[in-house]
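I opened my notebook to record, step by step, what I looked up in this structure.

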Amino acid sequence: MHLSAPPARAAGGERIGIVGGGMLGMTLALRLAERGRHVTLIESGSELGGLAAAWQIGEVRWDRHYHVTLASDARLRALLRDLGLESEIRWTLAQTGFYTDGRFYSMNNLVEFLRFPPLGIVDKLRLGLTIAYASRITDPERLESTDVESWLRRLSGNRTFERIWRPLLRAKLGERYRDASAAFIWAIIVRLYAARRAGLGAERFGYVPGGYARIIERFAARLENAGVDTLLGTRVASVRRQEDRIVVETTAGEQTFERVVVTANARIAARLCPQLDDDERSRLDDKVYGGIVCASLVLDRPLGPFYVTNITDEWVPFSAVIDMSAIVERREFGGAALAYLPKYVAPDDALFALDDASIETSFLAALERMYADFSPARVRAFRVSRVREVFALATPGYSKRLPPIATSVPGLYLVTSAHIVNATLNVNQTVGLAERALEIVDAPAPVRR
Ligand SMILES: Cc1cc2nc3c(=O)[nH]c(=O)nc-3n(C[C@H](O)[C@H](O)[C@H](O)COP(=O)(O)OP(=O)(O)OC[C@H]3O[C@@H](n4cnc5c(N)ncnc54)[C@H](O)[C@@H]3O)c2cc1C
């Protein structure tokens, strides 16, 4: 890896620059290099991985944001196979719970569901039918014309909407749940039911020993072997066409390519590419992003038995409790336990201005109220990640307002997570997007589509 020298032109190979070294940019870089292109991957961070990167939490090095692989994540598993890691995945079944009216409820089978006190039997029946019905819909585009609230109220009833769906939507989207189409909740239900639909039985959750730190490290080595030049700590300021080349202006000087692919989120892409036409720009700018403030905690032991605890009590300052130790063997954490407390918020939420100490005080006070045997003394390390723009919300008519991949600027391509339609943001979708976009980005002559 180097920071300054411009990439040499490979004999017969075209030079392609990729902006953004997350899983999307890395996958595109690998596939293009395998086709003989000379690829330069430009990442502003000090390491590759983006949202999937790892970091240090006290003594533990693990994912900055919680990540699991599902048994049904076929594209991600194929990539991991390619990296020689798929056979190492450790699989487990995990428990899900609810925290409702100040109590924990296990929610892992029909009996537990039928016992769940906040809903009457008719409500439960309607809730169960909503999920079964949604998981069978195969043409989600028709859901894009209905807002999520009307759809859920109609299918599940008002009481279930107020008691279950609205708190869950608020936990994931804040008040902007009102902007989401029914396709948003459909995508979540389908991801949770993908394994069952594929006939795999209960969904299994997996991780690679060493976590994403190991995946990214192996991936980076693979990119280097494939001849990809990786420029870390290099922020791109603009991407413009000049004569017959695309010029990328970075904090480490200018780079020139035949083609450039921007993989950063839609709003960053709009800022970086001033030559886009008005329609392209508006398709990037109209994306409504959700952000996250995500605390990682190293603890002496797990908080409870559940991998995910969904929270419907709205006084709790975080959206869910994710107990990684329910999936990952504790020896990965040196015998300790690792939990995440994510709070999904709008990019301009006041929480982004709060310092780590204030967040720690408020989050730990809530844990003390929720868990009888929790005390702050059990916390060995606490670290907060903040990302203002994580995912583009599925708003009504979303799939009709996608940004272009091949833009009106010849040689300039946009492949961003905003192109993931009617699905949740996950690495399986990210890898699938990179592989689908490959044919457009690598078409014989730059074409507009
Ligand atoms: C809290 C959370 C939990 C998640 N859980 C799961 C999970 O359990 N399972 C799962 O499969 N997926 C999960 N995901 C989703 C997964 O992380 C994403 O699908 C994936 O990381 C997206 O990769 P990306 O490359 O599209 O975006 P990013 O990772 O955002 O990559 C974009 C890159 O572009 C770089 N960049 C931006 N601007 C510039 C610039 N001007 N110049 C140079 N570089 C720039 C950024 O630094 C970044 O590295 C989770 C995500 C979050 C946030």
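**Helix α11 and the cores**

In this model, which is predicted, I began with helix α11 and listed its buried residues, which are I359, F363, L364, A366, L367 and M370. Looking down the axis of α11, I found that these buried residues fall within an arc of 155°, so they line one face of the helix. On the other side of α11, I noted T361 and R369 as exposed. I then checked the length of α11: its 15 residues (356-370), at 1.5 Å a residue, should span 21 Å, and the end C-alpha atoms are 21 Å apart, which agrees.

Next I turned to the largest nonpolar core, which has 60 residues, and saw that W62, Y307 and M324 have the most contacts inside it. Helix α7 (residues 182-197) gives the largest share of this core, eight residues. Because domain 2 (109-197) and domain 3 (289-392) both give residues to this core, I wrote down that it lies between them. Leaving out residues up to four places away in sequence, I listed what M324 touches, including W62, Y66, Y307 and F333.

**Domains 2 and 3**

I looked up the division of the chain and found, besides these two, domain 1 (15-51 + 211-287 + 394-441). The centres of domain 2 and domain 3, taken over C-alpha atoms, are separated by 24 Å. Where they meet, nine residues of domain 2 are in contact with 12 residues of domain 3, and the two domains bury about 830 Å² between them, 55% of it on carbon and sulfur atoms. On the domain 2 side, A171, K172 and R176 supply 51% of the area buried against domain 3, more than any other three residues.

How values were computed:
Residues are numbered from 1 along each chain as its sequence is written. This is a predicted model: local features need pLDDT of at least 70, side-chain atom pairs count only at pLDDT 80 or more; totals for chains, interfaces and linings use all residues. Side-chain values use heavy atoms; hydrogens and water are left out. Helices (H or I, at least four residues) and strands (E, at least two) are DSSP runs, numbered from the N terminus. The expected span of a helix is 1.5 Å times one less than its number of residues. Buried means under 20% relative accessible area, exposed over 50%, partly exposed in between (1.4 Å probe, protein chains only). The arc is that of the directions from the helix axis to the C-beta atoms. A nonpolar core is a set of buried Ala, Val, Leu, Ile, Met, Phe, Trp, Tyr and Cys residues joined through side-chain atoms within 4.5 Å. Domain bounds come from an automatic or database domain assignment. Contact means heavy atoms within 4.5 Å. Buried area is the accessible area (1.4 Å probe) that two parts lose on being put together, summed over both.
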